[in-house]
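Let's take a friendly walk through a protein model, one feature at a time. Have the sequence and the 3D view ready.

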Amino acid sequence: MSTTEHLAQTADKGRQLAFGVDGMTCASCVARVEKALARVPGVRSASINPATETANVSADASVGVDALRAAVEKAGYALRSHTVPLKIDGMTCASCVARVEKALLRVPGVLSASVNLATESAEVVTLDDDAAPLQAAVERAGYAATLPGAAAPGRAGGGLPPWWPVALAGLLSLPLALPMAGMLWGAHWMLPPWLQFALATPVQFWLGARFYRAGWGALRAGAGNMDLLVALGTSAAYGLSVYLWLAAAEGVMPHLYFEASAVVITLVLLGKWLEARAKRQTTEAIRALNALRPDTARVRRGGQEREVALSAVSVGDVVVIRPGERVPVDGLVTEGASHVDESLITGESLPVERGVGDPVTGGAVNGEGLLVVRTGAVGTETVLSRIVRMVESAQAKKAPIQRLVDRVSAVFVPVVIAAAVLTFAGWTLAGGGWQAALLNAVAVLVIACPCALGLATPTAIMVGTGAAARHGILIKDAEALEIAHRIKVVAFDKTGTLTEGRPELVVAEAAQGTRTGLLAAAAAIQAGSEHPLARAVIEAARREGVAPGVARDVTAIVGRGVSARIDGRDLRLGSTRLMDELGVDTEVLSAQAALMQAAGRTVSWLADVSDAATPQLLGLLAFGDAIKPQAEAAVRRLHALGVRTVLVSGDNRGAVEAVAARLGIGDVRAEVLPGSKADVIAQLKKGGDVVAMVGDGINDAPALAAADVGIAMATGTDVAMHAAGITLMQGNPALVADAIDISRRSYAKIRQNLFWAFAYNVIGIPLAAMGLLSPVIAGAAMAFSSFSVVSNALLLRRWKAGDGA
């Protein structure tokens, strides 16, 4: 029995709940979770199966999943959850979004549900990965739900283009609308009532059937939507025309309103078609990224090359890439040299040189040379797949501002129907006649536009994140995009972020013994480290032909340096802070250290602490790390945007201040331990400013997570990228200003769209109620409101990196 089925059991015996629990490692964990669940009010019994890590709970029907989840999390564990993506068919407005979300949240075991009108999709977090109960709930709400990749029911078009209902409705409505135009010049082209009826009826009940179906589905679910408003309004105009025709005396030509109902339906169909076309363009970025995946790869096996499906390639396979071909996998070059165009992945406009030992990314285009690559990642683990997932995730999630729209949408349709009833009653009581009263009520119904409200935010987010992705800026979610527009302070890490991250040893000065001995000892201590400074020492020793000794008991001293034993001596290699803590006298080389730091060099010291009472300084090592060529312009652009910059580094103060002075950064926080970077971010946030942290290393991850917006360089570690809300695919710090700029422009579009969406309704509904708008004009305004909102968002596609300079 599935988790959802367990959760659905409610009877006199209460409910039986079964769900996975993550984080348990022993019998004590099991006991702790059982006790935590048993303490929840209403829980009768709780037991854990350690083999399957599944909890079985018997509880009163009133006990919800949220209470159990809170208890498990308070005990230090987590409920195992699954994310189920769904494609939703049949949604037309923001009210539909609210109804689908409510239907999904009522399914037992669902923890959260987010529905996006622009992508016509839902992302459901549930205790069970079974999609069937979710699909059933959506269908009960009057819509259709399918898993991504499956065909939506009712979407087979029989080969006809999607615009045919609009074209046919236009052809049938045109003869009804032309007499209205003729009246402007005094011409009387009015068609006989039977012909008007014959033209309007197929538009109303055949081409307009979608509005009745969707409106009826909404009514069955106890709610309303745009389709219901259109169906009510046009049916009233159509019904009034039929009544006036049948009630008219013989030989009298009554004033009919068939043209109002037919033209309104035609305009709404036209608006929905234009909206659908525009929405397809908002997903252009995802389609472009997916198109980068080749279908096949040329694999070398057993000395022979053969073309296989990309899905048949495994990690470790040797792939041959000919000139001009697209790289099928992520991997390392083992043979050949070429230039590779990675512009669609990283935003880097110029092809980059790749040779033996260099990485290549799937989706890039090989240039002039033949490359042989050993596969390092395939399928969902490639960089391209991760980029697509990140962009899709960002486009699917809601921005915080959308919550206001959701609250308005929940009451929108009932309020509009109430306004239409009041309009009818007011005009009737005021003596305006019931026909005029009904037409004005129809105008109120058809001008109301919940669609524009539902599309205002998600379309801007989709286009904004897509435009950013094309330029190598990956925005993890809509919240990061929305918050980034308010950034007032950007804190930069130094090494690898503003500098190249490839330091070189420029000075090795011995205080005792020889320079060779100093370099051999330092290289021995650093032999197993991947730290950039360690690599610089090892490379210098290799270049100078110095054989490193053998170090034992090598231990990292977090944020300070390394300890090791060499030939019976207890050595320490690290920062000035470490030397001060150990009581090492560095006076003999202090002048040279000061000169190095003033020049922006990073200084490390080597000391012998075998005798803790009298530690001996062995020498000084100074490292130079070139500042990235784009760094100065990046800082200047941020200042032009009104953003304050801060340099946060664990390096010595002299080196950090020298880099800051060259770049124009006035606020410097030097000699900061890795664990303290998050504290610096917290201090910067105290003034109420929105703070972004830019970094690339594991030691930056806590600060990236602590910042309002974390921005990671993709040239750094995976840990940093996971902690960040925005990832820059190039190691170019100038993209930080671009990320803020696209966020500000996207948020401006959201505000513009919401203004127009509210303005259509706030201005249009009262005008219609006062009789100042005919149903035809009202229908046209409603039809084009959604299209204009989507079209406005599409203007973001013109954005290019550097536009905010």
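This is a predicted model: local features need pLDDT of at least 70, side-chain atom pairs count only at pLDDT 80 or more; totals for chains, interfaces and linings use all residues.

Residues are numbered from 1 along each chain as its sequence is written, and side-chain values use heavy atoms, with hydrogens and water left out.

**Salt bridges**

Side chains of opposite charge can pair when their charged atoms come close. Here a salt bridge is a side-chain nitrogen of Lys or Arg within 4 Å of a carboxyl oxygen of Asp or Glu. How many salt bridges does a search of the whole structure find? The search gives 22. The table shows some examples.

| Pair | Closest N and O atoms |
|---|---|
| Asp738 and Arg637 | 2.8 Å |
| Arg644 and Asp667 | 3.1 Å |
| Lys685 and Asp708 | 3.9 Å |

Start with the salt bridge between Asp738 and Arg637. Asp738 sits in helix α27 (residues 734-769) and Arg637 in helix α22 (residues 631-640), so the pair ties together parts that are 101 residues apart in sequence. Helices (H or I, at least four residues) and strands (E, at least two) are DSSP runs, numbered from the N terminus. Asp738 and Arg637 are both buried. For residues, buried means under 20% relative accessible area, exposed means over 50%, and partly exposed is in between (1.4 Å probe, protein chains only).

Next comes the salt bridge of Arg644 with Asp667. This pair links distant parts of the chain, with Arg644 in strand β27 (residues 644-648) and Asp667 in strand β28, 23 residues apart. Arg644 is partly exposed at 37% relative accessibility, while Asp667 is buried at 18%.

Lys685 and Asp708 also form a salt bridge. Their pairing joins distant parts of the chain: Lys685 is in helix α24 and Asp708 in the loop between α25 (701-706) and β30 (709-713), 23 residues apart. Lys685 is partly exposed at 30% relative accessibility, and Asp708 is partly exposed with a relative accessible area of 30%.

Salt bridges can also form a network, as they do among Arg300, Glu305, Arg322 and Glu335.

**A strand and its partners**

Is strand β18 (residues 371-377) largely enclosed or open? Five of its seven residues are buried, so β18 is largely enclosed by the rest of the structure. Two strands pair if DSSP finds at least two bridges between them. Strand β12 (residues 318-321) runs antiparallel to β18, joined by four bridges, and Val319 has Val373 in β18 as its bridge partner. Strand β13 (residues 330-335) pairs with β18 in the antiparallel sense too, over five bridges. There, Asp330 stands opposite Ala377 of β18.

**A positive patch**

Arg32, Lys35, Arg39 and Lys74 form a positive surface patch. Patches are made of residues with over 30% relative accessible area and no salt bridge, with like charges joined within 9 Å. Arg32 belongs to helix α2 (residues 27-38) and is partly exposed, with a relative accessible area of 40%.

**Two positive phi angles**

Asp567 is not a glycine, yet its phi is positive, near 50 degrees. Asp567 lies in the loop between β23 (561-566) and β24 (569-574) and is exposed, at 75% relative accessible area. Glu671, also not a glycine, has a positive phi of about 55 degrees. Its place is the loop between β28 (667-669) and α24 (677-685), where Glu671 is partly exposed at 33% relative accessibility.

Definitions and conventions
Patches are made of residues with over 30% relative accessible area and no salt bridge: like charges are joined within 9 Å, nonpolar side chains (Val, Leu, Ile, Met, Phe, Trp, Tyr) within 5 Å. Accessible areas come from the Shrake-Rupley method with a 1.4 Å probe; for residues, only the protein chains shown count as cover. Lys and Arg count as positive and Asp and Glu as negative; His and the chain ends are not counted. The place of a charge is taken as NZ of Lys, CZ of Arg, CG of Asp or CD of Glu.
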